[in-house]
Amino acid sequence: MELWTSGSSDKNKAMVEQLERYGIVQSKRVKEVMEAIDRALFVPAETRSPYYDSPMPIGYNATISAPHMHATCLELLEKNLQPGMRALDVGSGTGYLTACFAMMVGPQGCVVGVEHIPDLVSFSIDNIKKSVAEPLLNGDSLSIHAADGRQGWPELAPYDAIHVGAAAPEIPQPLLDQLKPGGRMVIPVGTVFQELKVVDKNLDGSISVRDETSVRYVPLTSKAAQLNAY
Ligand code: SAH
């Protein structure tokens, strides 16, 4: 597919190869999408080392997650991001993962980002426009909305994959409701101590939850609480 091969930088490729050596990038599809979506297009212009494996500030008391966290979430969701599938990215921030998801589900699939800071919504759309995911913005397959992601995005539910990019005190019920049977949600849960949880909705509708790893994300909260945080 042409979309996968058009130019991303050598430094981005080196970052992905490093993540592969550490065993964090494991699948061919995650490797291909991380090579295709140049991370530098998604960090603010003044960021000196966009490929450094650390979260970076993006304003509004938010950060772009570190490359190894993006890779971890992509690997955990890979089977639920097959061509034609549906994904929801809550707290989509820079739009980096939203763009990766859109490339993985392709033009027959559907990806929705929900971000509550309107300026970040426009920032993320501008970033995606510079990337190889740009054509997907013009169809129905990729959209980003300014809204409270704790409510999910019921209009396009149910989802095969839900990613939450900010830590919730507990798993929001609307997100569980919007997960398809057979679907998977990856969500950081906790306040001071947080765990990245992998939530599978089984075909009979029951839920299985396991902890993947300890993490530190910005909180999934109200806009006012986030903007007044410090
Ligand atoms: N995956 C994103 C993470 C950005 S940080 C990236 O790597 O770029 C988490 C994001 O969640 C922030 O942009 C923050 O504004 C957003 N957020 C926090 N609470 C939210 C809520 N209730 N609804 C929507 N977005 C929220």
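Lys-31 counts as partly exposed, at 22% relative accessibility, where partly exposed lies between buried (under 20% relative accessible area) and exposed (over 50%), with a 1.4 Å probe and protein chains only. This is a predicted model, in which local features need pLDDT of at least 70 and side-chain atom pairs count only at pLDDT 80 or more, while totals for chains, interfaces and linings use all residues. Residues are numbered from 1 along each chain as its sequence is written, and side-chain values use heavy atoms, with hydrogens and water left out.

Lys-31 forms a salt bridge with Glu-20, a term for a side-chain nitrogen of Lys or Arg within 4 Å of a carboxyl oxygen of Asp or Glu. The pair links distant parts of the chain, since Lys-31 lies in helix H3 (residues 28–36) and Glu-20 in helix H2 (residues 10–21), 11 residues apart; helices are DSSP runs of H or I with at least four residues, numbered from the N terminus. A search of the whole structure finds 10 salt bridges, including those in the table.

| Salt bridge | N to O distance |
|---|---|
| Lys-31 and Glu-20 | 3.1 Å |
| Lys-28 and Glu-32 | 3.1 Å |
| Asp-148 and Arg-150 | 2.8 Å |

Lys-28 and Glu-32 both lie in helix H3, four residues apart, about one turn of the helix; Lys-28 is exposed at 63% relative accessibility, whereas Glu-32 is partly exposed at 27%. In the other pair, Asp-148 is partly exposed at 29%, and Arg-150 is partly exposed at 27%.

Of the 230 residues of the chain, 52% count as buried.

Technical notes: Helices (H or I, at least four residues) and strands (E, at least two) are DSSP runs, numbered from the N terminus.
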